[in-house]
Amino acid sequence: ISGPLLDRIDLQIDVPVAPFDRLVEERRGEPSATVRARVHAARERQLARFAGSPTRANGTMTPAEIERHAPLPSEGVALLRPLGHPRAPAAREAPAFPAGQPAAVVFTSGSTGHPAPHVKTWGSLVRGALALGKHMGFGPSLAPQIIGTVPPQHMFGLEATVMLPLQWRGAVDAGRPLLPSDVKAALEAAMRAAPGPRWLMTPPLQLRACVDDALELRGALSGVISSTMPLEPALAQAAEALWDCPVEEIYGSSETGMMALRRGARSPTWTLCEGLGFETESGATRVQGGHLDAPFTLTDRIELESERSFRLLGRIGDMIKVAGKRSSLEDLNARLRAVPGVADGVFYMPEGAARPVAFAVARGASRPSILEALRRDIDPVFLPRPLYLVDELPRTANGKITRDGLEALRRRVLAR
């Protein structure tokens with residue numbers, strides 16, 4: 001079952017592999033006769049309880065029978081009274097946790113290797129949420145409403161749909177909409193529920209689906225925040241024009257959470273989150289301070305424009321060299337996805353290959369037309385040899401693509 005579908009199933013049962021020792025142990029479990037006697041006794045109690053009425057089991061009780069046989073205790077009634085009720089219990093203080101308390105273990109996506117665990121402390125998560133809310137203009141007057149299409153297991157989802165509403169006393173849609181129509185329904189429900197700023201937290205893939213559907217959300221959104229993969233400036237511009245609200249992008253990682261934001265429809269420049277700063281040593285750039293528990297060495301190449309602003313130049317490890325010339329795979333990917341008629345695309349340099357290959361999901365574009373557009377936009381030495389047209393790319397539920405996934409796709413295509 002795919003990740004997006006699995007996340008929409010409310011009740012799930014994980015059945016792990018049984019330990020070998022449990023399978024071969026001689027200790028016997030509870031005999032069936034004992035279980036039968038216990039079930040029979042429970043059944044007899046229910047028959048006695050409902051003697052003289054059509055009801056035979058607890059599960060079929062009428063509302064009147066529930067009130068008679070299972071009355072709510074006074075403590076339960078007090079707990080259910082809404083805040084502000086004259087007889088409501090006094091509001092309790094929110095529990096306080098030590099800043100150094102481990103709150104979650106987040107794994108990297110594995111896009112450049114194997115997933116690795118990183119412990120996130122409660123203090124780091126709180127400081128990050130406060131910084132993000134301050135950037136978004138949140139305040140004590142109106143509680144924000146968050147609609148997220150990203151799973152909370154992802155670092156972006158944990159920050160934007162869990163910690164952000166927790167720290168700013170906001171509300172979050174529990175349904176996690178998947179399709180554009182789901183997003184619209186969730187926003188309409190939020191508008192009916194209460195006033196306040198409404199923000200959509202979504203990866204670029206789902207943002208594109210909403211824009212392609214020309215989803216009418218004008219007036220329903222205060223803004224959009226996107227992350228998990230690069231957001232093309234053209235897509236950000238289209239979303240802003242369609243919904244008349246800012247579309248911002250988070251730059252971050254599993255190791256650090258968010259580090260910077262930008263409004264890509266207006267500028268390619270990123271601005272560091274509050275409290276963060278850069279330090280350059282021996283050619284490496286580290287970001288430190290703010291919500292980070294420890295300094296982090298960037299895995300991307302950047303160009304500083306000021307103490308707190310910069311431009312991304314691509315990942316340190318994504319540079320490829322062909323015929324003596326160098327280029328960034330991320331830049332090539334952006335140019336491929338910008339070709340008219342290309343819905344998605346990616347360049348890939350197989351191990352030991354002299355030239356890159358590319359995969360494209362075409363919607364109305366042919367292989368020759370895509371290559372011709374690339375020929376006008378990139379150095380010819382980086383033209384893919386070959387360009388494969390595929391139905392979809394092997395993206396994870398969060399939009400990531402791993403080298404293993406691309407290699408498996410290449411082998412499938414070659415085996416046709």
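Let's start with helix α13, residues 403-414, in this predicted model. Helices are DSSP runs of H or I with at least four residues, strands are runs of E with at least two, and both are numbered from the N terminus. The expected span of a helix is 1.5 Å times one less than its number of residues. For the 12 residues of α13 that gives 16 Å, and the end C-alpha atoms are 16 Å apart, so the two values agree.

Which residues of α13 are buried? They are Gly-405, Leu-406, Glu-407, Leu-409 and Val-413. Here, buried means under 20% relative accessible area, exposed means over 50%, and partly exposed lies in between (1.4 Å probe, protein chains only).

Now for the charged side chains. Side chains of opposite charge can pair when their charged atoms come close. The structure holds 18 salt bridges, each being a side-chain nitrogen of Lys or Arg within 4 Å of a carboxyl oxygen of Asp or Glu. One of them joins Glu-274 to Lys-134, with 2.8 Å from N to O. Glu-274 sits in the loop between β9 (270-272) and β10 (276-281), while Lys-134 belongs to helix α6 (residues 122-135), so this pair ties together parts that are 140 residues apart in sequence. Glu-274 is partly exposed at 45% relative accessible area, whereas Lys-134 is exposed at 52%.

Glu-279 and Arg-286 form a salt bridge whose closest N and O atoms are 2.2 Å apart; Glu-279 is partly exposed at 28%, and Arg-286 is partly exposed at 27%. Arg-311 pairs with Glu-305, with 2.6 Å between the closest N and O atoms. Arg-311 has a relative accessible area of 35% and Glu-305 one of 38%. Salt bridges also link Asp-331, Arg-335 and Asp-377 in a network.

Leu-23 is exposed, at 61% relative accessible area. Together with Phe-20 and Val-24, Leu-23 forms a nonpolar patch with about 350 Å² of accessible area.

A note on the numbers: residues are counted from 1 along each chain as its sequence is written, and side-chain values use heavy atoms, without hydrogens and water. Local features need pLDDT of at least 70 and side-chain atom pairs count only at pLDDT 80 or more, while totals for chains, interfaces and linings use all residues.

Conventions: Patch = residues over 30% accessible without salt bridge, like charges linked within 9 Å, V, L, I, M, F, W, Y side chains within 5 Å. Areas by Shrake-Rupley, 256 points an atom, 1.4 Å probe, with all protein chains shown as cover.
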